[in-house]
Amino acid sequence: MKNKLFARIGMGVVVSQLALIILSWLLSAMRQEGVRSLLSSEGIRWFIGGFNNIVATPLLVCLLLLLVAVGAIEKSGVPVLFAKNHPLTYRDRIALRVSFAFLIIYIFIISLLTLTPHAILLSATGQLFPSAFSRSVVPLLAFGICLFSVSFGVMSGRLKTLADIFESLTFGLSKGAPLIVLYILIVQLLASVGFVFMS
């Protein structure tokens with residue numbers, strides 16, 4: 001069901017991109033002021049040569065890291081903690097305590113790097129926003145989620161080998177692949193609109 005929805009959205013974006021290419025060519029041929037054609041030599045060079053720079057944004061990094069974190073949660077068995085009809089076993093309770101201990105240590109380390117005077121992750125003026133910390137909130141959050149999830153999975157016996165741990169970290173990427181494709185299509189369409197109409 002989700003894949004069908006993503007496919008329809010993706011097809012809509014592709015059709016919009018094609019319509020924009022044709023519209024930009026028509027408006028440019030009519031010599032509309034402030035419109036650049038995607039079929040011109042400049043447009044083709046921009047579209048092909050700038051593709052990497054257009055797609056490679058911090059938003060893509062955030063999307064990938066959040067997908068890794070969500071996959072780690074799912075494969076490590078953390079959703080069991082919130083299931084009503086699934087009582088926690090003794091091993092699950094021990095795993096939960098150890099995971100929280102790791103998480104508290106992680107939060108303590110991040111706090112030392114941000115909340116103490118002259119902390120490393122603060123800006124040059126001592127501000128939290130903007131700073132190295134504010135630019136890395138999503139990676140820090142994703143790493144904390146992965147640390148909690150993997151430690152719970154290992155301690156509870158759901159992640160037994162290194163291969164299991166690695167699979168838990170890649171699981172979200174495989175499930176979220178349609179989102180990555182949609183991101184690429186949508187970002188390229190928005191950039192194309194900017195190129196055509198914002199000279």
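**Helix packing and the nonpolar core**

In this predicted model, helix 8 (residues 162-175) packs against helix 9 at an angle of about 55°, and the two axes lie 4 Å apart. Helix 8 is therefore oblique to helix 9. On the side of helix 8 the contact is formed by L173, S174 and K175, and on the side of helix 9 by A177, P178 and I180. When the residues of this contact of helix 8 with helix 9 are sorted by class, four are nonpolar, one is polar and one is charged.

Helix 9 also packs with helix 4 (residues 58-76), here at an angle of about 175° and with the axes 11 Å apart. Because angles over 145 degrees count as roughly antiparallel, helix 4 and helix 9 are roughly antiparallel to each other. Helix 4 contributes L59, L60, L63, L64 and L67 to the contact, while helix 9 contributes L179, I180 and Y183. The residues of this contact of helix 4 with helix 9 comprise eight nonpolar, no polar and no charged ones.

The largest nonpolar core consists of nine residues in all, namely V13, L20, I21, L27, V35, L38, L189, F195 and V196. At least two residues of this core are supplied by each of helix 1 (2-29) and helix 9 (177-197), and the largest share, four residues, comes from helix 1. In soluble globular proteins, nonpolar side chains tend to be buried together. For V35, a member of this core, the contacts that remain once neighbours within four places in sequence are left aside are those with S24, L27, S28, V196 and F197.

Helix 1 has 28 residues, and the distance from its first C-alpha to its last is 41 Å, close to the 40 Å expected at 1.5 Å a residue. Helix 1 is followed by R31, for which phi is positive, near 60°.

How values were computed
Residues numbered from 1 in each chain as written. Predicted model: local features only at pLDDT ≥ 70, side-chain atom pairs only at ≥ 80, totals over all residues. Heavy atoms only, no water. Core = buried A, V, L, I, M, F, W, Y, C linked by side-chain atoms within 4.5 Å. Buried < 20%, exposed > 50% of the residue type's maximum accessible area, 1.4 Å probe, protein only. Contact = heavy atoms within 4.5 Å. Axes fitted to C-alpha atoms, helices over the stretch in contact; angles between N-to-C directions. Parallel < 35°, antiparallel > 145°, perpendicular 65-115°, else oblique. Nonpolar A, V, L, I, M, F, W, Y, C, P; charged D, E, K, R; others polar. Expected span 1.5 Å × (residues − 1).
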